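Hi everyone, thanks for making time.

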Amino acid sequence: MTDAPARGRAGGKVILLGEHVVVYGRPAVASGLPIGLEAEVVRGAGPALASDVAADARGIDLVAAAARLVGLEPADWVVRIRSEIPPGQGLGSSAALCVAVLRALASAAGRVLGTPEEIAHGRTLEGIFHGTPSGIDPAAATMASAFRFVRGEPPAIEAVVLGAPVPLVIGLGATARSTGAAVGGLRERWQADPARHEVLFDAVAVVVDEGVQALRRGDLVALGRAFDRNQTLLAELGVSSPDVERRVASARLAGALGAKLTGGGAGGAVIALVDASCRAAVVRALAGSGSRPLELVLRERP
Ligand code: PMV
């Protein structure tokens, strides 16, 4: 153990297809993002967390639980956070927070965790923020590129090699919203009518695997169709919102190949798949419909 500050970093993520159904054992496909979050750990009167990502008791619970997982006494540690990931948008800020805090505390304990251990601990810690996490977010926080994910112990994670770069415009929502509330609401509706929901979950699973094939072929037109079909099914699952529908429609009208919510939904970020001919128009359309646009290209690293 050392007295110098220990640091840990983890990335955000974008779920391309399959959010929510992934909680119910269906596949999803996601990619890590280059933007991330850094945690710095110092000795002090803890457990404490200075962050706008989790500025409540859950932040304290996170530091205490992560410290215990790496064999440290929680009362001795204070964690400070610097984040580039907009919170409450579906871009994985809470999971990145969990993994970055875990990595920083592991480093303070003089330990290096393996990827499977990070993913398993990350999922345990994410449970502090919402009750039934699939584990896809902490997996993305540890992976930089695209992958297909099915929850499990351990989860099935398969790299997806992109056949062509995937140009996206992410439209951030005007206000943060709660993934926990969206996941909890869907659970209540599923409990009330499991048969209807299982059919919808299976329909999304088919779309996810069509999208994975399209990603591998570099077929952006087919991928765009998968985005649109997934969005229709997400709306039927009740996790879209009028604001999301409006922003998705504006991106499609401007020529996007496909558009959908990403992550928890019920507000938050939308993603639009673009090509060179419509990129600028989609950026303008999303800005005009109340989104802050963020341009991003997913590509294979050399
Ligand atoms: O809103 P985010 O970034 O936490 O993404 C949540 C993704 C869900 O599929 C809705 C939940 C989960 O645990 O997989």
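Predicted model: local features only at pLDDT ≥ 70, side-chain atom pairs only at ≥ 80, totals over all residues.

Where does it sit? The ligand is in the largest pocket. If you look at which elements give two or more residues to the shell around it, you get strand S1, residues 6–17, helix H4, residues 136–142, and helix H5, residues 179–192. The ligand has 19 residues around it in total, and the closest are Lys13, His20, Ser134, Thr179 and Gly264.

Let's zoom in on some backbone atoms. For His20, a backbone N or O atom is 2.9 Å from an oxygen atom of the ligand. Gly264 also has a backbone N or O atom 2.9 Å from a ligand oxygen. For Gly92, the distance from a backbone N or O atom to an oxygen atom of the ligand is 3.0 Å. And how much of the ligand does the protein cover? On its own, the ligand has 380 Å² of accessible area, and the protein covers 98% of that.

Now let's move over to helix H3, which runs over residues 115–126. Two residues to look at here. His121 sits in this helix, and its relative accessibility is 16%, so it counts as buried, the cut-off being under 20%. What does His121 contact, if we leave aside neighbours within four places in sequence? That would be Leu69, Leu102 and Leu113.

Gly122 is in helix H3 too. Its relative accessibility is 0%, so Gly122 counts as buried. Not counting residues up to four places away in sequence, Gly122 touches Cys98, Val99, Leu102 and Pro138.

Last stop: Glu158, in strand S6, residues 156–159. Is Glu158 buried or partly exposed? With a relative accessible area of 36%, Glu158 is partly exposed, because that label covers values between 20% and 50%. Setting aside residues up to four places away in sequence, Glu158 touches Phe147, Arg148 and Arg216. Take Arg148: along the chain, Glu158 and Arg148 are 10 residues apart, and 5.1 Å separates their C-alpha atoms.

That's my tour, so over to you for questions.

Notes. Residues numbered from 1 in each chain as written. Heavy atoms only, no water. Helix = DSSP H or I, 4+ residues; strand = E, 2+ residues; numbered from the N terminus. Buried < 20%, exposed > 50% of the residue type's maximum accessible area, 1.4 Å probe, protein only. Contact = heavy atoms within 4.5 Å. Near = heavy atom within 4 Å. Polar contact = N/O pair within 3.5 Å; in protein donor to acceptor, adjacent residues only side chain to side chain. Areas by Shrake-Rupley, 256 points an atom, 1.4 Å probe, with all protein chains shown as cover. 1 Å grid on protein atoms, 1.4 Å probe; cavity = no way out; pocket = protein on both sides within 12 Å on 5 of 7 lines; lining within 4 Å. Sits in = over half its atoms within 2 Å of the grid points.
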